[in-house]
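Please view the sequence and the structure below before reading on.

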Amino acid sequence: MAWKRGSSGLGSQRNRSTGSSFPIVILIFCSFLAPLIFFVGRGLYVSTSIDHNVSSTTSSKQGLDWRERLALQQIKPLLTKEVIDVIKASTDDLGPLSLDSFRKNNLSASWKFVGQEIEAKKSAADAEVNKPSQIATTDSKPKVTRGKHDGPVDGDHSEFLDSPAKLARRQLRERKREKRAADLVKRDDDVTVKLENAAIERSKSVDSSVLGKYSIWRKENDNENTDSTVRLMRDQMIMARVYISIATTKKKPDLAHELQTRLKESQRALGDAGSDADLTRSAHEKMKAMGQVLSKAREQLYDCKLVTTKLRAMLQSADEQVRNLKRQSTFLSQLAAKTIPNGIHCLSMRLTIDYYLLPPEKRKFPRSENLENPDLFHYALFSDNVLAASVVVNSTIVNAKEPEKHVFHLVSDKLNFGAMNMWFLLNPPGKATIHVENVDEFKWLNSSYCPVLRQLESAAMKEYYFKAAHPNTLSAGSSNLKYRNPKYLSMLNHLRFYLPQVYPKLNKILFLDDDIVVQKDLTGLWSVDLHGKVNGAVETCGQSFHRFDKYLNFSNPHIARNFDPNACGWAYGMNMFDLKEWKKRDITGIYHKWQNMNEDRVLWKLGTLPPGLITFYGLTHPLDKSWHVLGLGYNPSIDRSDIENAAVVHYNGNMKPWLELALTKYRSYWTKYIKFDHPYMRSCKLSE
């Protein structure tokens with residue numbers, strides 16, 4: 001009854017207020033029904049598009065906790081709690097945790113899961129299948145940017161959208177990561193290049209001749225079993241000597257005699273063999289017999305301490321023998337470098353005899369008017385070696401563009417003066433001019449004017465050169481034996497400091513050593529601007545060698561006060577001298593001053609390079625290195641392209657090209673300018 005009254009009351013009320021019922025219905029619909037329809041529709045859309053069920057973005061805190069629980073639920077069976085804590089702490093700013101962040105390589109490679117590639121391929125296939133529907137969706141709705149956690153997740157599913165701020169931060173992080181990776185790669189490349197360049201620079205200062213001899217990369221070391229028999233026999237012989245000594249000490253003469261017999265047999269079988277191929281057939285039998293005796297000796301005599309002592313003593317003895325052999329080798333190589341080969345001595349004697357048989361009118365060279373013409377190209381060559389001088393002149397003329405403008409001034413000693421004249425009378429240098437003089441006929445060059453001549457006549461110098469009062473003179477002085485070279489006793493070697501006195505009418509002259517070969521036209525040297533300097537030469541110093549401190553005694557105050565120990569040295573052998581500047585600066589007077597101060601050899605050893613470095617200090621202009629390449633007389637590792645591109649190659653060192661100990665690989669540059677079919681050459685048995 002009450003209900004009916006309520007109904008009737010309501011009806012009567014509705015009837016009374018029919019004019020305002022429609023706005024109330026609209027208000028109720030907007031307030032309650034429209035949001036309800038939206039959420040239901042949104043839920044239906046989400047459930048039909050993907051299997052995710054998420055709350056509204058307005059309750060982001062609850063949704064975030066829910067997704068974290070879902071991700072942790074998926075990860076807990078796979079990772080420990082400590083690892084999960086580290087991941088959570090390091091990814092707070094990357095959005096909620098989910099398994100997709102692992103599957104899509106967002107973490108490091110160490111967090112990849114097995115089967116990841118398969119799921120990636122499956123996702124790609126699904127994307128191809130659903131492509132038309134995606135296109136339709138894109139056409140009908142605005143494009144939505146999805147986060148990096150988009151994609152299916154097992155169990156409960158969810159979908160969320162990245163805000164523009166998060167998207168911008170993620171893109172910024174990715175750009176920073178790429179830039180950091182690129183910087184690290186570039187830094188590694190720069191470090192690698194620096195290390196390679198440093199290694200290349202260090203290798204330049206290494207004596208490659210030693211590396212070539214003892215390198216572990218030699219062919220015989222490619223196989224560890226190569227020549228194993230030879231090495232085994234040598235080892236057996238060493239142990240046999242050890243056991244012979246021990247057997248003698250322990251009074252076992254029979255065993256010592258047996259070991260001695262086997263040792264002699266092995267020595268005869270081994271002989272001079274350097275490889276297994278050189279061994280005789282009996283070598284293997286001798287090796288087996290020696291092995292049996294050594295086994296017996298080991299059973300009876302082996303004492304670790306005693307064997308070690310014997311081996312150490314043998315090692316010390318071998319070291320001493322090696323040192324002695326090195327001293328002997330140094331002495332013999334220096335001796336070989338200072339001797340004149342038989343063939344060259346024969347050539348000089350035959351030419352000398354024939355020269356003095358010539359009538360005086362036939363001993364003169366043509367074009368003598370060119371000798372004092374300053375407009376021509378003048379060369380100074382001081383030598384007592386006929387064959388070497390002929391190569392210098394011949395190679396210069398062959399490569400000259402205008403041979404008629406070249407003038408050669410040769411100076412020799414009394415012994416070789418006739419031979420030098422006779423050779424160039426028989427073999428004139430084409431259209432070039434040549435003149436030969438005798439140094440002993442320079443009357444102005446005497447001991448009262450020249451300090452070197454006065455010092456060479458002193459008793460101290462004669463004792464230094466010719467007397468061996470002490471028994472260990474040769475062995476103790478073998479390292480300094482090169483300073484006892486006979487050429488230092490000859491004024492031919494010191495005449496280079498008197499060029500203006502020898503050629504007073506000339507303005508410029510090119511000085512050449514007799515151990516060089518000219519490979520290009522040298523006329524360009526006369527047009528090189530020396531910038532007011534006296535000497536034009538190629539510098540020889542590298543990173544730490546061929547500097548002044550190698551040639552001069554810087555413990556002496558005169559040297560230390562006037563010169564820089566790190567100043568760069570230069571080379572004699574091809575030097576352009578400005579004789580006008582020479583006279584102006586009194587270069588010969590400077591040389592005399594320092595030579596007088598060095599009478600007791602306290603400033604430098606004997607030679608001409610140290611006084612040359614002192615005399616022309618600050619007065620030398622460096623020439624391009626392609627003009628003059630040195631080292632063919634001692635360095636086997638010169639680049640072949642450097643040699644072939646050089647205007648002059650220099651055989652400085654002991655291994656001169658006319659000696660048997662010459663470096664074979666460089667000898668052809670010298671021998672191609674020799675006429676081996678010449679009658680004098682054949683009669684003296686000089687051949688390639």
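## A buried tryptophan pair

In this predicted model, Trp658 is buried, and Trp670 is buried as well. The ring centres of Trp658 and Trp670 lie 6.0 Å apart with their planes at 50°, so the pair is classed as tilted. The two residues are 12 apart in the chain, with Trp658 in the loop between β10 (648-650) and α28 (664-671) and Trp670 in helix α28 itself.

## Aromatic pairs across the structure

A search of the whole structure finds 24 aromatic pairs. One of them joins Tyr355 and Phe417 in an edge-to-face arrangement, with 6.3 Å from centre to centre and 85° between the planes. Because Tyr355 belongs to helix α14 (residues 342-357) and Phe417 to helix α16 (residues 417-426), this pair ties together parts that are 62 residues apart in sequence. Both Tyr355 and Phe417 are buried.

## Charges over rings

Elsewhere, Arg298 lies over the face of Tyr302, at 4.5 Å from the ring centre.

## The protein as a whole

The protein has 29 helices and 10 strands, and 37% of its 688 residues count as buried. Among contacts between residues at least 6 apart in sequence, 75% join residues at least 24 apart. The accessible surface comes to about 41400 Å², and 55% of that surface belongs to carbon and sulfur atoms.

Terms used: Residues numbered from 1 in each chain as written. Predicted model: local features only at pLDDT ≥ 70, side-chain atom pairs only at ≥ 80, totals over all residues. Heavy atoms only, no water. Phe/Tyr/Trp six-rings, centres within 6.5 Å; stacked < 30°, edge-to-face > 60°. Helix = DSSP H or I, 4+ residues; strand = E, 2+ residues; numbered from the N terminus. Buried < 20%, exposed > 50% of the residue type's maximum accessible area, 1.4 Å probe, protein only. Lys NZ or Arg CZ within 6 Å of the ring centre and 35° of its normal. Contact = heavy atoms within 4.5 Å. Areas by Shrake-Rupley, 256 points an atom, 1.4 Å probe, with all protein chains shown as cover.
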